[in-house]
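Colleague: I am new to reading protein models. Could you take me through some features, one at a time?

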Amino acid sequence: GISGSTFENNTAALSGGGAVFVGSGLTGGISGSTFTSNTASYGGAVTVWGDLTGDISGSEFSGNQASWGGALYLVGNVDISGAGAQFLGNKAVYDAANTSFGRGGAIFHNGGQNPGDPVKTFNLSATPGTPIVFSGNTHTPANAGATPNSIYFGNLWPAGVDGQVAA
């Protein structure tokens, strides 16, 4: 996992994970870390291809930007706890040059990439009294203005489903 780290102003020009790219799953999660103003096509801060398990407690993701998943782009089963985690002002923006869709202001979960693929699960839990904060995250799909959005579930082929987290 990743623990007690700071990632700021990093860019992945051709791919995913402005700060961190994990190509085979991540166990142990991301705890006590800060990801600020990172950019990429997929996962402005972090991209995980494969399963993500563990903890994102005490981590802050703020001001990150991508076309898919302003802060996190996840492909695989997700089972994480996030007491005190914060997702603040992350953006998923449409990229006309690459026809990327601008989905998932904070998190994009692509649980099944193609029709017929096994659907992957997404489980995010908080500790009572220590919430996960989603605030100011937006996405901007093609030919549309920015709209509030925190999580986009792309495993419902072909359209996906927007998820706005409410208090």
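Colleague: Is S37 buried or exposed, or something in between?

Modeller: Start with the scale. Buried means under 20% relative accessible area, exposed means over 50%, and partly exposed is in between, with a 1.4 Å probe and protein chains only. S37 has 33% relative accessibility, so S37 counts as partly exposed. The areas come from the Shrake-Rupley method with a 1.4 Å probe, and for residues only the protein chains shown count as cover.

Colleague: What should I know about the model itself?

Modeller: This is a predicted model, where local features need pLDDT of at least 70, side-chain atom pairs count only at pLDDT 80 or more, and totals for chains, interfaces and linings use all residues. Residues are numbered from 1 along each chain as its sequence is written, and side-chain values use heavy atoms, with hydrogens and water left out.

Colleague: Where is S37 in the chain?

Modeller: S37 sits in the loop between β6 (34–36) and β7 (39–42). Strands are DSSP runs of E, at least two residues long, and helices are runs of H or I, at least four; both are numbered from the N terminus.

Colleague: What is the phi of S37?

Modeller: First the general idea. Most residues other than glycine have a negative phi. The phi of S37 is near 55°, a positive value in a residue other than glycine. N9 also has a positive phi, near 60°, and is not glycine. N9 lies in the loop between β2 (6–8) and β3 (11–16). N9 counts as exposed because its relative accessibility is 54%.

Colleague: How many helices and strands does the chain have?

Modeller: The chain has zero helices and 23 strands. Of its 167 residues, 44% are buried. The chain exposes about 7300 Å², and carbon and sulfur atoms supply 52% of that area.

Colleague: How do I read strand pairing?

Modeller: Two strands pair if DSSP finds at least two bridges between them. Take β8 (residues 46–49). Strand β4 (residues 20–22) pairs with β8 in the parallel sense over three bridges. F21 stands opposite T47 there. β8 also pairs with β12, again parallel, over four bridges. In that pairing, V46 stands opposite L72.

Colleague: Which strands pair with β15?

Modeller: Strand β11 (residues 65–66) runs parallel to β15, joined by two bridges. Q65 stands opposite K91. Strand β20 (residues 138–140) pairs with β15 in the parallel sense over three bridges. The bridge partner of K91 in β20 is T138.

Colleague: Which residues does A92 touch?

Modeller: Contact means heavy atoms within 4.5 Å. A92 lies in strand β15 (residues 91–95). Leaving out residues up to four places away in sequence, A92 touches A66, S67, G69, G70, G102, R103, G104, G105, T138, H139 and T140. A92 has 0% relative accessibility, so A92 counts as buried. A92 and S41 are 51 residues apart along the chain, and their C-alpha atoms are separated by 9.2 Å.

Colleague: How do I describe a ring pair?

Modeller: Use the distance of the centres and the angle of the planes. Rings of Phe, Tyr and Trp (its six-membered ring) pair if their centres lie within 6.5 Å; planes under 30 degrees apart count as stacked, over 60 as edge-to-face and the rest as tilted.

Colleague: How many aromatic pairs does the structure hold?

Modeller: Nine. One of them is W49 with Y73: the ring centres are 5.9 Å apart and the planes stand at 55°, so the pair is tilted. W49 is in β8 and Y73 in strand β12 (residues 72–75), 24 residues apart. W49 is partly exposed at 29% relative accessibility, while Y73 is buried at 4%.

Colleague: Which pair is stacked?

Modeller: F87 and F134 form a stacked pair, 4.9 Å centre to centre with 5° between the planes. F87 is in strand β14 (residues 86–88) and F134 in strand β19 (residues 133–135), so the pair ties together parts 47 residues apart in sequence. F87 and F134 are both buried. Ring pairs also link F7, F35, F61, F87 and F134 into a cluster.
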